Amino acid sequence: MTRQTKIPCVIQRGGTSKGPYFLASDLPSDPALRDRVLLAVMGSPDVRQIDGLGGADPLTSKVAIVSRSSTPGVDLDYLFCQVKVDQPMVDVTPNCGNMLAGVAPFALEHGLIDAADGRTTVRIHMVNSGNLCDAHIETPGGIVSYDGDARIDGAPGTSAPVMIDFLDTAGSACGSLLPTGNVVDEVDGVKITCIDNGMPVVLLKAQDVGATGYESRDELNAAEDVKKKIESIRLQIGEAMNLGDVTEKVVPKMCLVSPPAHGGTINTRCFIPHVCHASIGVLAAVTVGTACVLPGSTAYDIAEVPDGNPKLISVEHPSGEFSVELETGESVDGVPTIERAALLRTTRRLMEGFALVPADVWDGRTGLVAEAAE
């Protein structure tokens, strides 16, 4: 009988994504070996991911790796891994704010941090970008609660709220809010806004690439001409956004924008990067919301931004809307400072047990964190 290696894990829905959550100490510390293990866990590369835990979709081919943080004043380190479905690639360039929603509950359940009675606030270091956030978790009696009345589009039913405050996310991956130094650039005759307030995103008006922006996800996935134009722009602008060669990366995210159709602030269709998102990523929504209040951006003149400060920005997407609360400060050189970005997510623990990988991929001992520290 061929031996397989057991790796403790939890399958958890975070926001509108889902995937395995691991303790960092249960995985190899060497990135190359870790990535081989994660590919085996998820069943990549294979469009069905039939030999792994992946769900044959970018939204369900995600991994969260969690550990106690050694940084003073910070509770947890969270490394996000986007496992490509049909390619042998694990990308740790971007954050994922959806999977982030499950990090604090996972850590509380595993005893990495202590829960308060009522609500527990957990400060999380997002290793991918170096940014911090505060996650507020409902913990009546010191026990994580998954039951509640909070609802988010893209996930069925209701759950306990997970409120997340993002701290200083401007330039998370690109080094600055406007990585090209411009509010608007032009590539292939198309005006674009390159912006990074938690997620590198390229915003372009849907009509400029032959779309309306109101197509269904399936319609856009079948629109090869539109996708070809978008990918050409993405490949050309990656270097200018300080992301290097993005051919094998999932960033920047490409986002088609159009006027809101259902009373929101703006309508979106995002690509991650070659498949249309069923909704929109958490940090992509924060970044799109930021573009809506940025004078001169490709989103600014079509967005219906509410008055007041903070502003509740409603980002429409294929399966509903995503609300982001933005608090802005004084503008610097015409660019408003974002003092605070907050949002609501939910999460649910779905399964706990072991992921199994072939022993010839990893023997379960080589390269463990404890060994690496010796």
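A cavity is a set of grid points where a 1.4 Å probe fits but cannot get out. In this predicted model, two such cavities of 30 Å³ or more are present. The largest cavity holds about 160 Å³ of space. Its lining comprises 18 residues, and those closest to the centre are Lys 62, Met 199, Lys 253, Ile 272 and Gly 281. By class, this lining divides into 10 nonpolar, six polar and two charged residues. Strand 4 (76–83), helix 2 (97–100) and helix 6 (282–292) each supply at least two of the lining residues, and helix 6 gives the most, with three.

The second largest cavity holds about 40 Å³ of space. Its lining includes Pro 105, Ile 137, Glu 138 and Val 144, as well as Thr 347. Seven nonpolar, two polar and one charged residues make up this lining.

Turning to the strands, strand 10 (residues 190–196) has six of its seven residues buried, so it is largely enclosed by the rest of the structure. Strand 10 runs antiparallel to strand 9 (residues 185–187), to which it is joined by three bridges, with Val 187 standing opposite Val 190. These two strands form a hairpin with two residues between them, and in its turn Asp 188 has a positive phi of about 55°.

Strand 10 also pairs with strand 11 (residues 200–205), again in an antiparallel arrangement, through five bridges. Here Asp 196 stands opposite Pro 200. The hairpin of strand 10 and strand 11 has three residues between the strands, and Gly 198 takes a positive phi near 120°.

Conventions:
Residues numbered from 1 in each chain as written. Predicted model: local features only at pLDDT ≥ 70, side-chain atom pairs only at ≥ 80, totals over all residues. Heavy atoms only, no water. 1 Å grid on protein atoms, 1.4 Å probe; cavity = no way out; pocket = protein on both sides within 12 Å on 5 of 7 lines; lining within 4 Å. Points joined across faces, edges and corners; volume = space filled by probe spheres on them. Helix = DSSP H or I, 4+ residues; strand = E, 2+ residues; numbered from the N terminus. Nonpolar A, V, L, I, M, F, W, Y, C, P; charged D, E, K, R; others polar. Buried < 20%, exposed > 50% of the residue type's maximum accessible area, 1.4 Å probe, protein only. Pairing = 2+ DSSP bridges.
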